[in-house]
Amino acid sequence: MNTVVPPTLRPLADFAFDDLFVRSLAADASGENVPRQVPGAVYSRVSPSATATPRLLAWSEVLGVQLGIARPASTEGIEARVLGGSDVLQGMRPYAARYGGHQFGNWAGQLGDGRAITLGEILDREGRRQELQLKGAGRTPYSRFADGRAVLRSSVREFLCSEAMFHLGIPTTRALSLVATGEGVVRDMFYDGRPATEPGAVVCRVAPSFVRFGNFEIFAALDEDENLRALADWVIRHHYPELGEPSPAVYAAWFAEIARRTAVMVAHWMRVGFVHGVMNTDNMSILGLTIDYGPYGWLEGFDFGWTPNTTDAQSRRYTYGQQPQIAYWNLSRLAAALSGLLEEDALQAGMKVYRDTFESVWPRMLADKLGIAVQAGEEDAVLADMFGLLQETETDMTIFFRELAQVPLAAGLDAATRIAPLREAFYQADVLEGEHAQKLAAWLEAYAARARADMAESGETQAQRRARMDRSNPKYVLRNWIAQLAIDAATAGDVGGIERLQRVLQRPYEEQPEAQDLYARRPEWARNRAGCSALSCSS
Ligand code: AMP
Ligand code: MG
């Protein structure tokens, strides 16, 4: 056959779409698409709003293959129209979900899918149900005062980061396509009274379910016990079938499993230096997936106190270092919402699963990052001293950890030899002289001794140790300034930057000599540039 499309991939338009969510749960009785409170409903049926000239800008080949969907043959054909919200295929029964949430620690009442519309469900090649959801496809009953649209810059960020996280091995929602709408969207990017028109876009994101903690919170807040139980049972039956038919014991096991998955997800974020930026309870997935890529950022200089979100600059609630505690707090909000289904001791047991999981997974990840053995029990001095050093002087997290594998371990080496592999990690060259250099040298001495001792004890070879470290320390992450360069180019009509990042970020742990420019400290021009150091929620 002389076709480039493998025969097992089919065009999107040929798929049979299912609507299990819509069929199983309580619909909003009103079909009116105006912002309003929607008591009693789990979701509202709503159609995407057509846009001027939908055009496919980017496609995830890897996800397409997983779903069995062929890359659209044309950038302006039926697929682009569907993925941009201008057409709906047969069998699709689009809906927006109703949920609430705690935003920045305060109960915010009804929120809901204000600009997300699920088109339908398909079975992927492993027979797993997957929802296709458009973000930015127009108003819904949950849009409140906003327009239901999304700008190109934030859509590029969501598209690239979803797939980058997947390839890093981190639980996440996925992104299949990026479509330019051909329409302008007005945003006051800095919230300073200077609104401007930006190009609009729609991302098609994909996950088995987009249900969040907040879906349960709204039902609990308004005493909608039936909806709460129905949604819990639906999530368990279709997304946690291994737990068995819903019962008090199964609810307990379910909550514990949500807790476990959430802890694993956050530990991974900490491992790679990902800062979500808006960990409100409406942005916490019931499946333990990273969800809602908004003003997220990646640590460049290592800093527990860093947040990319300008809205959080004062309260500093969602900084890198706070993430484990915030996830725990969010889980406690879910526990409160589920208290009608679960006994207090089952909720407490689930909360403990979160703590225990994080406390066992995170030290193991750190040990892999450093190429040492996990030290059980008391505080690990090697780790404590390292965090002190990283925090003290601006040190690039990704480069520091990646190059740590190259630090020579032999006894009796001089300080300069030990430090040499790490040189590129430091933002100020003069830290390699003076007091900091001495502290760093002392730490490296202790670290090398520790690594030697651990290798002697475990029998791990240096090659095995380095491979273990390289699997844990990505070389390529979606640095904020790198994403911004791809956005700038896409805004000017060139999607080559997006495609290049897609390619490189598919193999984040591998050496890719042709991509060395993407393995670099944040350049000075990006230090204070919007989108590179600070991001607003305006998207
Ligand atoms: P987020 O901070 O993105 O999680 O959004 C919080 C709430 O605001 C959710 O209910 C969103 O659906 C809604 N929202 C955010 N941006 C828009 C928008 N442009 N149009 C409509 N609703 C929005
Ligand atoms: Mg959200």
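**Ligand 1.** I began at the ligand and found a backbone N or O atom of G148 lying 2.7 Å from a nitrogen atom of ligand 1. I kept in mind that this is a predicted model. Next I looked up R144. An N or O atom in the R144 side chain is 2.7 Å from an oxygen atom of ligand 1. I then turned to R187, whose side chain places an N or O atom 3.3 Å from a nitrogen atom of the ligand. I checked the cover too: the protein hides 82% of the 480 Å² of accessible area that ligand 1 has on its own. I listed the surroundings and got 16 residues, the closest being G112, G114, R144, G148 and N283.

**Nonpolar cores.** I moved on to the cores. The largest one has 138 residues, and F216 and W254 have the most contacts inside it. Helix 7, residues 248-272, gives the most to this core, with 14 residues. I noted another core apart from it, of 23 residues, including F15, F17, L176 and V206.

**F216.** I asked which residues F216 is in contact with, leaving aside neighbours within four places in sequence. I found V211, L228, L231, A232, V235, W254, I286, L334, A337 and L338.

**Helix 6.** I followed up on residues 225-239, which form helix 6. I read 15 residues and a reach of 21 Å from first C-alpha to last, close to the 21 Å expected. I found L228, L231, A232 and V235 among its buried residues. Buried as well are N227, D233, W234, I236 and H239. I saw the buried residues of helix 6 pack against helix 1 (20-24), helix 5 (213-221), helix 7 and helix 8 (323-337).

How values were computed
Residues are numbered from 1 along each chain as its sequence is written. Chains are lettered from A and ligands numbered from 1 in the order in which they are written. This is a predicted model: local features need pLDDT of at least 70, side-chain atom pairs count only at pLDDT 80 or more; totals for chains, interfaces and linings use all residues. Side-chain values use heavy atoms; hydrogens and water are left out. A nonpolar core is a set of buried Ala, Val, Leu, Ile, Met, Phe, Trp, Tyr and Cys residues joined through side-chain atoms within 4.5 Å. Buried means under 20% relative accessible area, exposed over 50%, partly exposed in between (1.4 Å probe, protein chains only). Helices (H or I, at least four residues) and strands (E, at least two) are DSSP runs, numbered from the N terminus. Contact means heavy atoms within 4.5 Å. A residue is near a molecule or strand if one of its heavy atoms lies within 4 Å of it. A polar contact is a pair of N or O atoms within 3.5 Å; within protein, one must be able to donate a hydrogen and the other to accept it, and residues adjacent in sequence count only if both atoms are side-chain atoms. Accessible areas come from the Shrake-Rupley method with a 1.4 Å probe; for residues, only the protein chains shown count as cover. The expected span of a helix is 1.5 Å times one less than its number of residues.
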